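Morning, everyone. Please have a look at the structure on the screen, and then I'll walk you through it.

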Amino acid sequence: MSTRTIVGILATLALSAATDAWSQASGTVTGLVRDVGSLAPVSAAQVYIPQLGVGSLTQANGRYVLVNVPAGTHTIQAERIGYRTISQQITVVAGQSVEANFALAEDALALDEIVVTGTAGQARRREVGNQIVQVNLAEVAEPVRDVGTLLQGRVAGARIAMGGGSSGGGMDIRLRGNVSVAMSNQPLIYVDGVRMKSEPYPRLASDDYVSPLNDINPDDIDRIEIVKGPAATTLYGTEAAAGVIQIFTKRGGQGAPQWTAETQQGFAYMRPFATDEVPFYYIDPVMRKGHRQRYSLSVQGGAADRFSYFVSSGWEDNLGVVRNDYEKQ
């Protein structure tokens with residue numbers, strides 16, 4: 001017998017002895033993975049021991065097998081997309097098989113944020129070519145007086161300035177500056193997908209103009225989406241060159257009725273603008289301290305899977321600093 005043959009036999013015997021020793025120092029883990037609600041087997045679930053890097057996928061019947069698991073106490077985990085990850089402690093005995101079963105509970109997935117565009121249906125934010133800014137009322141801590149105040153400081157690149165001091169004057173909003181000399185520079189306004197008047201309209205009490213956004217109670221708004229950028233004209237046409245303001249109102253809820261009541265009180269006055277001797281330049285007879293008041297009441301609720309409701313009402317009575325300046329709605 002040659003030397004090479006003897007070495008081969010010795011290597012084979014050594015490998016066999018090492019394999020037997022490894023088999024005696026390790027065990028097997030098996031089990032079943034089910035859905036906690038339906039008790040149906042869960043296939044393609046990953047069952048693994050993170051510390052050892054040992055793992056396997058469940059079969060169609062929910063069964064799995066992990067072989068050559070070192071003896072000792074280990075943490076084994078089971079996970080699958082759409083289910084919560086669950087773990088448990090197991091003790092593996094050398095040369096024996098231990099059973100570890102799992103019951104997975106469904107888990108909600110965090111999907112891409114959805115925005116509503118001018119086209120039919122919805123789109124994921126990363127698939128929309130134009131810039132979209134969203135203002136969620138649930139994330140606004142301070143009280144909101146009107147829509148213009150709500151957008152102020154929250155929309156990058158927008159110019160929001162006070163249009164006038166009269167009752168109902170509102171804010172002058174420019175999302176992209178002045179973009180046209182022939183068409184309107186006012187952004188388009190949509191409420192729940194319905195287009196409303198965007199241009200300010202004259203007040204009956206004076207020669208001033210009122211912002212259409214003042215007709216919307218900010219307490220009834222769920223969120224506002226601002227669409228701007230050149231691509232906005234693709235969705236809304238050439239009139240959207242100045243941008244689009246999409247307002248989405250609150251929807252019905254679930255459970256017992258939840259009532260919300262709000263009242264606002266204040267007054268308007270004119271600061272002196274002339275000399276110390278004649279602070280108001282002899283127009284004192286037509287000036288006043290105007291009382292301003294607003295009341296709103298809403299209720300939200302519904303029954304699960306049957307119906308939901310949200311009802312809101314409001315009343316305002318605002319007096320300006322001059323006799324013919326007033327607003328009621």
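**A buried pair, and what surrounds it**

Let's start with two residues: Glu225 and Arg223 are both buried. Buried means under 20% relative accessible area, exposed means over 50%, and partly exposed is in between, using a 1.4 Å probe and protein chains only. The side chains of Glu225 and Arg223 meet in a salt bridge, 3.4 Å from N to O. A salt bridge here is a side-chain nitrogen of Lys or Arg within 4 Å of a carboxyl oxygen of Asp or Glu. Elsewhere, salt bridges with shared partners join Asp219, Glu262 and Arg294 into one network.

Arg223 also forms a salt bridge with Asp222, at 3.5 Å from N to O. Asp222 is partly exposed, at 31% relative accessible area.

Some ground rules. This is a predicted model: local features need pLDDT of at least 70, side-chain atom pairs count only at pLDDT 80 or more, and totals for chains, interfaces and linings use all residues. Residues are numbered from 1 along each chain as its sequence is written, and side-chain values use heavy atoms, with hydrogens and water left out.

How many salt bridges are there by this rule? The count is six. One of them joins the side chains of Arg84 and Asp107, at 4.0 Å from N to O. That pair links distant parts of the chain, 23 residues apart. Arg84 sits in the loop between strand 5 (72-79) and strand 6 (86-92). Asp107 sits in the loop between strand 8 (102-104) and strand 9 (114-116). Arg84 is partly exposed, at 46%. Asp107 is partly exposed too, at 36%.

Now the whole protein. It has three helices and 23 strands. Both are DSSP runs numbered from the N terminus: helices are H or I with at least four residues, strands are E with at least two. Of the 329 residues, 36% count as buried. The protein exposes about 19500 Å², and carbon and sulfur atoms supply 55% of that. Those areas come from the Shrake-Rupley method with a 1.4 Å probe; for residues, only the protein chains shown count as cover.

On to contacts, meaning heavy atoms within 4.5 Å. Among contacts between residues at least 6 apart in sequence, 57% join residues at least 24 apart. Take Ser26, in strand 1 (residues 26-35). Buried or exposed? Ser26 is buried, at 4%. Leaving aside neighbours within four places in sequence, its contacts include Asn68, Pro70 and Val93.

Four strands form an open sheet in the order 3-2-5-6, with antiparallel pairing. Two strands pair if DSSP finds at least two bridges between them. Strand 3 (54-57) and strand 6 are the edge strands, each pairing on one side only. Three bridges join strand 2 (residues 46-49) to strand 5. Gln46 stands opposite Glu79 in strand 5.

Last stop, the surface. Met270, Phe273, Tyr281, Tyr282, Ile283 and Val286 form a nonpolar patch with about 660 Å² of accessible area together. Patches take residues with over 30% relative accessible area and no salt bridge, joining like charges within 9 Å and nonpolar side chains (Val, Leu, Ile, Met, Phe, Trp, Tyr) within 5 Å. Val286 lies in the loop between strand 20 (255-268) and strand 21 (290-303). Val286 is partly exposed, at 42%.
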